[in-house]
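Morning, everyone. Please have a look at it first.

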Amino acid sequence: MTAYLLKRAAAGLLTLVVASAVVFSVLEILPGDAARLMLGFNATEDAVQALRVQMGLDQGFLVRYFHWTGGLLSLDFGRSYTYSVPVIDLVAERAAVSLPLALISLALSTAIALPVGVFAAARRGRPADTLAMAASQFGVAVPNFWFALLLVYVFAVWLRLVPAGGFPGWSAGAWPALKALILPAIALALPQAAILARVTRSALLDVLGEDFIRTARAKGLPQRAVLWRHALRNAMLPVLTILGLQFAFLLAGTVIIENVFYLPGLGRLVFQAINQRDLIVVESVVMLLVATVIVVNLLVDVSYALVDPRLRTRT
Amino acid sequence: MKIRKSVLAAALVVLVSNAAYAARTDLVLGIPLEPPNLDPTAGAAAAIDEVLYANVFEGLTRIGARGEVLPALAESWTVSDDGKVYTFKLRTSVKYHDGTDFNADDVKFSLDRARADNSTNAQKGLFAAIDTVEVVDSATVKVTLKNPQGSFLYNMGWGDAVIVAPESAETNKDNPVGTGPFKFGSWAKGSSITLVKADSYWGDPVALDKVEFRIIPDAAAAVPALLSGDVQALPNFQLGDALPQVQSDPRFKVVIGSTEGETVLATNNKKPPFDNLKVRQAIAHAIDRKAIIDGASGGYGVPIGSHFSPANAAYVDLTGTYPYDPAKAKALLAEAGFPDGFKTTLKLPPVGYARDGGQIIASELRDIGIDAEIIPVEWADWLKQVFTEKDYDLSIVSHTEPNDIDIYARKDYYFNYDNPAFHKVIEELNLTSDEAKRTELYGQAQKILADDAVNGFLFELPKIGIWDAKVEGLWENAPIQATDLTKVKWVD
């Protein structure tokens, strides 16, 4: 088990090093100039050059690369070209929105998906199963920005229960902040839940055909115990894999939802930074995400080992 | 006795509810783009000025709702007979929001900083004519120009020319300190910027106590924000297809005005075949402005025939110079040696009017035999390829700076246009401060550009403002990039 985890951790570190080189060089190829973008059409060339010097963009590619990676080692992500504040501050502000949002929608989608998946699998082929799967098909097919707008019109414009968008900040109190995250979390959770429910159902159906299930039933175990204790636990591997992928997506792949609810999340930060050629922000956020994905995958690996005793003994 | 008591109680209720119905003093405005910083002297982004100009920062002069030059921190001025020396009489007892006093030293500091060698002012050109800035006394500043400049007072009204204090100049990007009627409250990055009333303000106090600019990047999100009451004004927002939904709602006022944005089919005048006047004239004849305005701007926007704002007093309508006439366009192309047309490219930046307008123009050009391949580009890419490297044939873009006809006289500007006659008019304009003469010269300049068909002149970008019907005082037009809140109030 320890050796297994060490191996995974080493692979993760190597991935980070390779990623830093790839991310940096790919982004540097992007045409465009943060200084010219900041000063616009009318700026004189000497003003633009003065700003380039101020931003540190007059230095060479390698100098900047090693400066950046050197900083990363000591958790110094550099300063944003556009905002001229430390990148880490920007990221921390945005993560205070994106992280809770991702966690809430993940919890929500799991809370919806597992029961639905188990319920459908247990009633395979019956109307309840067909209905549940039709609903999940709908969940997968509905574009989430459309669903998000629908939620806004019903709950914000019509019922006026929650704000139509925006984020007041945690300093405004936990409840107003949570209120602002409810609709986006639902909008994000629905398609995730739909996918997860389908995966749960099919994984469970595979397991339900196994001999040990028949044995458990023959032993006279109630259906509920068979399903939740024996079958679901064995069906968890693909479900956990999908969950891990979904978490990574929820952290930064949510630009569209962040736009609809005008939330200051990580996805929008990256999107904006790409447009403004604030490359140091893009590079640093991408590296953070790579690191997060690696850690989440590591956790998923650990949880595999927890649900699957065979992986515990493998070295 | 009992009756009296209840009368008294009723009177009290009326009193209390009257107090509760006093006009609102807070306002939330939706803006589509977040300013990259909060210092008007450190960036070209319109969003910076749209939050801070006239609200937090003030210049020597200011631009009013009709584009006129008004006194601001300078309460009056005199100009020497040769037009080279401006003596500004400054307002006294003006304080910055941090409590420090404003005086002539700040003016000298601000102007010298903007034109210094290491200046990163996006409009450094505004200060190019300044030779020296002298402090005469604490309330008088003498600015000497290298040559007379007719637009000098106007230039000093730009957001890029606001007066800042030496103590706060370097930190204004994050914590702006100005002299205006509002002071900076807070900035939740990516989310909103809050301004609060500055009690120390020298001028007429403003009616609003608290103003929040909320960043709403998506038009589809802006409408529900407005409908739910979260946001009460969208001072300048391209709502596109969502506009009719708001227009039919009596709770809101929809005000269509004009910006200073000349939307043009930018043309590379040195690159064959566009170096041929007949080809450019053919393109001008091929353009149906009405179809473009309908398709790219929801039917709003005034057609233009040259590079000049119809809102300006010196505007001349030249849309008839080369009217829409595909047959004539084809004939001109044939005369120019392209009876079968030619292939070219059309690079489009990521804005609605360009992407939608590009489709229409490409199809209109195809009608006369020109096959324009559409190449969508990002802004950063556009600035590099089109604006800086001039590696383009045709493009569509809106030039939003006010009074910017002089860009056609700039060396190496990306239109690659170079006409000595035009240079002469602009030079003369620079040396003229007589209004009547300036109007005449502006007219000549517009005519030359129209005749030369330098670019395809399309339309003036509209300013679409939507706000609560009870809000008054927001500008109809945008003669300068600003959301001037000094006269804004709630009425019942």
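A pocket here is an open set of points on a 1 Å grid over the protein atoms alone, with protein on both sides within 12 Å along at least five of seven lines; a cavity is a set of points where a 1.4 Å probe fits but cannot get out; and lining residues have an atom within 4 Å of a point. Grid points are joined across faces, edges and corners, and a volume is the space filled by probe spheres set on the points.

This is a predicted model, in which local features need pLDDT of at least 70 and side-chain atom pairs count only at pLDDT 80 or more, while totals for chains, interfaces and linings use all residues. Residues are numbered from 1 along each chain as written, chains are lettered from A and ligands numbered from 1 in the order written, and side-chain values use heavy atoms, without hydrogens and water.

The second largest pocket holds about 1,000 Å³ of space. It is lined by 41 residues, and those closest to its centre are A:Asn42, B:Gly125, B:Asp406, B:Ile407 and B:Arg410. Four elements of chain B each give two or more residues to this lining: α4 (152-155), α11 (379-388), α12 (420-430) and α13 (435-452). Helices are DSSP runs of H or I with at least four residues, strands are runs of E with at least two, and both are numbered from the N terminus. The largest share, five residues, is from α12(B). By class the lining has 17 nonpolar, 13 polar and eleven charged residues. Nonpolar covers Ala, Val, Leu, Ile, Met, Phe, Trp, Tyr, Cys and Pro, charged covers Asp, Glu, Lys and Arg, and the others, Gly among them, are polar.

Now the cavities. How many of 30 Å³ or more does the structure hold? There are six. The largest cavity has about 100 Å³ of space. Its lining comprises 14 residues, with B:Asp49, B:Gln123, B:Trp158, B:Asp160 and B:Gln481 nearest the centre. Seven of the lining residues are nonpolar, four polar and three charged. The second largest cavity has about 80 Å³, and its lining includes B:Ala284, B:Arg289, B:Tyr322 and B:Phe457.

Next, chain B, which has 13 helices and 19 strands. Its C-alpha atoms fill a box of roughly 100 × 60 × 40 Å along the principal axes. Of its 492 residues, 56% are buried, meaning under 20% relative accessible area with a 1.4 Å probe and protein chains only. Take contact as heavy atoms within 4.5 Å. Among contacts in chain B between residues at least 6 apart in sequence, 68% join residues at least 24 apart.

One residue of chain B as an example: is B:Ser309 buried or exposed? B:Ser309 counts as buried, because its relative accessibility is 2%. B:Ser309 sits in the loop between β13 (302-303) and α9 (326-335) of chain B. Beyond its neighbours within four places in sequence, its contacts include B:Ser258, B:Glu262, B:Tyr315 and B:Glu460.

Finally, chain A. Chain A has 14 helices and zero strands. Its C-alpha box is roughly 85 × 55 × 35 Å, again along the principal axes. Buried residues are 49% of the 315 in chain A. For chain A contacts between residues at least 6 apart in sequence, 72% join residues at least 24 apart.

How values were computed. Buried means under 20% relative accessible area, exposed over 50%, partly exposed in between (1.4 Å probe, protein chains only).
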